Amino acid sequence: MYAAKERRAGCEMYATEHDHYDPARLTLVAELRRAIDHRELELHYQPMASAQNGHIRGMEALVRWRHPEHGLIFPDQFIPLAEHTGLIRPLTAYVLDAALAQCRQWHESGRGLFVSVNLSAQSLLDVHFPQEVEALLAKWHVPAPWLKLELTESSIMSDPVRALRVLTKLSAMRLSLSIDDFGTGYSSFAYLRRLPVNTLKIDRSFVMGMKNDDNDEVIVQSIVDLGRNLGLETVAEGVEDQTTWDSLARFGCDIAQGYYLSRPMPPESIDGWLSAWASRIPELGNALPIA
Ligand code: C2E
Ligand code: CA
Ligand code: CA
């Protein structure tokens, strides 16, 4: 009934994924709550490189749940659940805490990397969220510009007035704000111009399609141009091969991220990966317009 009402469909077939009260789901909710309390969630990190010279600028933190029976669970399977059950707030706090601890550690070992954290719509509607971020930055002695927050257009558009208020506070704290999955939402250019964001993160579906689809290539190039004209940094995610990277570098895209560099990795793999990557940079540099 709720699904039918929500979609204004009149009627709907029963489907367990729409049933917030099905017993398996309730068990998972209880387990997720426990997982947050018992620190069973872990963050994996995916490198973000300068598209122009291959140097690593930062890492995106992506959460995983190490379930005692089911093994590693990916965020698509529990973030929506957390969003519907009030668990997203403690989950986001947990992720921010762990990501900032990691960022502090990088800087202590001489690696000047930023960390980028994904937010859900609820954080943007929470007027106390900026204070929570401020407290965590202070706890880990992390200067605000080292932290990037990624939010989607749809999370902003769910309540633009309130979201703008929270974004303005975060921006005044000198945090860097990115619009994730850019190109898939509905924000108008007029609205975009008013948002205090620094970065457009081009949705991976366009980037992954670039090599074989001229339309996708035109879309990516247009977003990079739009970013440049608005004074915004552009990030391309979903970079899976050198050909795509070369095109992005040619278009003037700022940052590349994707399986071509690395899949998201656990923190203990980062040092080894960074050394291996550094030895690949001269080789990459040959293929890139700017060495
Ligand atoms: P996203 O923010 O768009 O993250 C990028 C996703 O694309 C990641 O999946 C990443 O593993 C995958 N990816 C990266 N490079 C490539 C590539 O070259 N090719 C392909 N095919 N895929 C690539 P993941 O880690 O499963 O995350 C899925 C989504 O879960 C994220 O999408 C984000 O929306 C959400 N998420 C992850 N961590 C958090 C979190 O801490 N909080 C919140 N609220 N959401 C999170
Ligand atoms: Ca993201
Ligand atoms: Ca994305």
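Student: Where does Arg-174 lie, and why is Arg-174 called exposed?

Tutor: In this predicted model, Arg-174 sits in the loop between H8 and strand S6 (176-182). Its relative accessible area is 56%, and exposed means over 50%, so Arg-174 is called exposed.

Student: What makes the phi of Arg-174 worth a remark?

Tutor: Phi of Arg-174 is near 75 degrees, a positive value in a residue other than glycine. Most residues other than glycine have a negative phi.

Student: Which loop holds His-141, and how do you know whether His-141 is buried or exposed?

Tutor: His-141 belongs to the loop between helix H6 (129-139) and S5. The relative accessibility of His-141 is 60%; the cut-off for exposed is over 50%, and His-141 therefore counts as exposed. His-141 also has a positive phi, about 50 degrees, although it is not a glycine.

Student: Which protein donors does the calcium ion (ligand 3) have?

Tutor: Asp-180 (OD), Asp-181 (OD), Glu-237 (OE) and Glu-237 (OE) lie 2.1 to 2.8 Å from the calcium ion (ligand 3). With a limit of 3.2 Å for Ca, these atoms therefore count as donors. Their spacing along the chain is D-D-x55-E.

Student: How do you know whether Asp-180 and Asp-181 are buried or partly exposed?

Tutor: Asp-180 has 7% relative accessibility, under the 20% limit, and so counts as buried. Asp-181 has 23%, which falls between 20% and 50%; Asp-181 is therefore partly exposed.

Student: What is known of the largest pocket, and which residues are closest to its centre?

Tutor: The largest pocket has a volume of about 1,300 Å³. Its lining has 43 residues, and Leu-62, Pro-75, Asp-76, Asn-118 and Arg-204 are the closest to the centre. S2 contributes the most to the lining, with five residues. By type, the lining comprises 17 nonpolar, 14 polar and twelve charged residues.

Student: Why is the space lined by Val-127, Pro-130, Arg-162, Arg-165, Val-166 and Lys-169 called a cavity?

Tutor: A cavity is a set of points where a 1.4 Å probe fits but cannot get out, whereas a pocket is an open set. The space with this lining is the largest cavity, and its volume is about 40 Å³. A search of the whole structure finds one cavity of 30 Å³ or more. Helix H8 (residues 160-172) supplies the largest share of the lining, four residues. The lining divides into three nonpolar, no polar and three charged residues.

Student: Where is Val-235, and why is Val-235 called buried?

Tutor: Val-235 is in strand S8 (residues 233-237). At 1% relative accessibility, against a limit of under 20%, Val-235 is therefore buried. Val-235 and Met-48 are 187 residues apart in sequence, yet 8.4 Å apart in space, C-alpha to C-alpha. Beyond neighbours within four places in sequence, the contacts of Val-235 include Met-48, Ile-202, Cys-253 and Ile-255.

Student: Which residues have the most contacts inside the largest nonpolar core?

Tutor: Leu-41, Leu-147 and Leu-149 have the most contacts within this core of 84 residues. Helix H4 (residues 88-108) gives the core its largest share, nine residues. Leaving aside neighbours within four places, Leu-41 is in contact with several residues, among them Leu-32, Val-63, Trp-65, Phe-78 and Leu-91.

Notes: Residues are numbered from 1 along each chain as its sequence is written. Chains are lettered from A and ligands numbered from 1 in the order in which they are written. This is a predicted model: local features need pLDDT of at least 70, side-chain atom pairs count only at pLDDT 80 or more; totals for chains, interfaces and linings use all residues. Side-chain values use heavy atoms; hydrogens and water are left out. A nonpolar core is a set of buried Ala, Val, Leu, Ile, Met, Phe, Trp, Tyr and Cys residues joined through side-chain atoms within 4.5 Å. Buried means under 20% relative accessible area, exposed over 50%, partly exposed in between (1.4 Å probe, protein chains only). Helices (H or I, at least four residues) and strands (E, at least two) are DSSP runs, numbered from the N terminus. Contact means heavy atoms within 4.5 Å. On a 1 Å grid over the protein atoms alone, a cavity is a set of points where a 1.4 Å probe fits but cannot get out, and a pocket is an open set with protein on both sides within 12 Å along at least five of seven lines; lining residues have an atom within 4 Å of a point. Grid points are joined across faces, edges and corners, and a volume is the space filled by probe spheres set on the points. Ala, Val, Leu, Ile, Met, Phe, Trp, Tyr, Cys and Pro count as nonpolar, Asp, Glu, Lys and Arg as charged, and the others, Gly among them, as polar.
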